[in-house]
Amino acid sequence: MKQQILFVCLGNICRSPAAEAMMQTLVDREGLSDRVYLDSAGTYGGHAGERADARMRRAAAARGIDITHRSRQVREEDFERFDMVIAMDDNNYEALFRLAPNREAQFKIYRFREFLRRHTDWSYIPDPYYEGHEGFELVLDLLEDGCATLVEELKSRG
Ligand code: 4NP
């Protein structure tokens, strides 16, 4: 059985598709592709069907990460399929907590900040949508930190 991980933000066009693509890059590099399934979704469905924000795609591409995901809204059934549902900020966490159908589902919800090792002064992944280029670079720095931790955890599970 593959470990199934869902990254969740608000619009699913900036932070969570970048997290998914970055994690996929690390998973592929570590030869774990047959053990891990990754996806991303948004608590808000207004961008459903859209590709990721061009600013985020450009910033990620500069780090060798290709974001191909199309936005979709998170749904209650996601708690059946996924083992870990990882929220980018506290608003996402609370929306997921309300959506979760039972306590078992609630236990699957994590905050991305739990995986930060170098950027411990950050308690959430800040929404870059209304920010300049630096906002997107900061998000990618934070995602690199947390995804590295997550991939190490997956490796240590064997
Ligand atoms: P994301 O960024 O949650 O990282 O995908 C946002 C994208 C769109 C909106 C907000 C945040 N929006 O309000 O449309």
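A polar contact is a pair of N or O atoms within 3.5 Å; within protein, one must be able to donate a hydrogen and the other to accept it. Keep that cut-off in mind for the first stop. The model on screen is predicted.

**Stop 1: Arg 111**

Select Arg 111, in strand 4. Its side chain makes a polar contact with the side chain of Asp 90, at 2.9 Å. Next, draw a C-alpha to C-alpha distance from Arg 111 to Phe 7. The two are 104 residues apart in sequence, but 9.7 Å apart in space.

**Stop 2: helix 4**

Select residues 90-99, which form helix 4. Begin at its N-terminal end, which Asp 89 caps. A side-chain oxygen of Asp 89 lies 3.0 Å from the backbone nitrogen of Asn 91.

Which residues of helix 4 are buried? Colour Asn 92, Tyr 93 and Leu 96: these are buried. Look down the axis of helix 4. The buried residues fall within an arc of 100°, so they line one face of the helix. An α-helix has 3.6 residues a turn, so residues three or four places apart point the same way.

Turn to the face of helix 4 that points away from the buried side. Here sit the exposed residues Asn 91 and Arg 98. Then show what covers the buried residues of helix 4. The cover includes strand 1 (3-9), helix 1 (15-29) and helix 3 (78-81). Strand 3 (84-87) and strand 4 (109-111) are also part of the cover.

**Stop 3: the nonpolar cores**

Select Phe 7, Met 23, Phe 112 and Leu 143. They have the most contacts inside the largest nonpolar core, a set of 37 residues. Which elements give two or more residues to this core? Strand 1, helix 1, strand 2 (36-42), helix 2 (54-61), strand 3 and helix 6 (133-157) do. Helix 6 gives the most, with 9 residues.

Zoom in on Leu 143. Leave aside its neighbours within four places in sequence. Leu 143 is then in contact with Arg 15, Ala 18, Ala 19, Met 22, Met 88 and Phe 112.

Now move to a second, separate core of 13 residues. Among its members are Phe 79, Tyr 93, Ala 105 and Ile 109. Tyr 93 was also a stop on helix 4, among the buried residues there.

**Stop 4: the ligand**

- Asn 12: a backbone N or O atom lies 3.2 Å from a ligand oxygen.
- Ile 13: a backbone N or O atom lies 3.0 Å from a ligand oxygen.
- Arg 15: a side-chain N or O atom is 2.8 Å from a ligand oxygen.

How much of the ligand's accessible area does the protein cover? The protein covers 90% of the 350 Å² that the ligand has on its own.

**Stop 5**

Select Asp 78, in helix 3. Is Asp 78 buried or exposed? Asp 78 counts as buried because its relative accessible area is 5%, and buried means under 20%. Beyond its neighbours within four places in sequence, Asp 78 is in contact with Leu 6 and Arg 72.

Finish on Arg 75, in the loop between helix 2 and helix 3. Arg 75 is partly exposed, with a relative accessible area of 40%.

Terms used. Residues numbered from 1 in each chain as written. Predicted model: local features only at pLDDT ≥ 70, side-chain atom pairs only at ≥ 80, totals over all residues. Heavy atoms only, no water. Buried < 20%, exposed > 50% of the residue type's maximum accessible area, 1.4 Å probe, protein only. Helix = DSSP H or I, 4+ residues; strand = E, 2+ residues; numbered from the N terminus. Arc of directions from axis to C-beta. Contact = heavy atoms within 4.5 Å. Core = buried A, V, L, I, M, F, W, Y, C linked by side-chain atoms within 4.5 Å. Areas by Shrake-Rupley, 256 points an atom, 1.4 Å probe, with all protein chains shown as cover.
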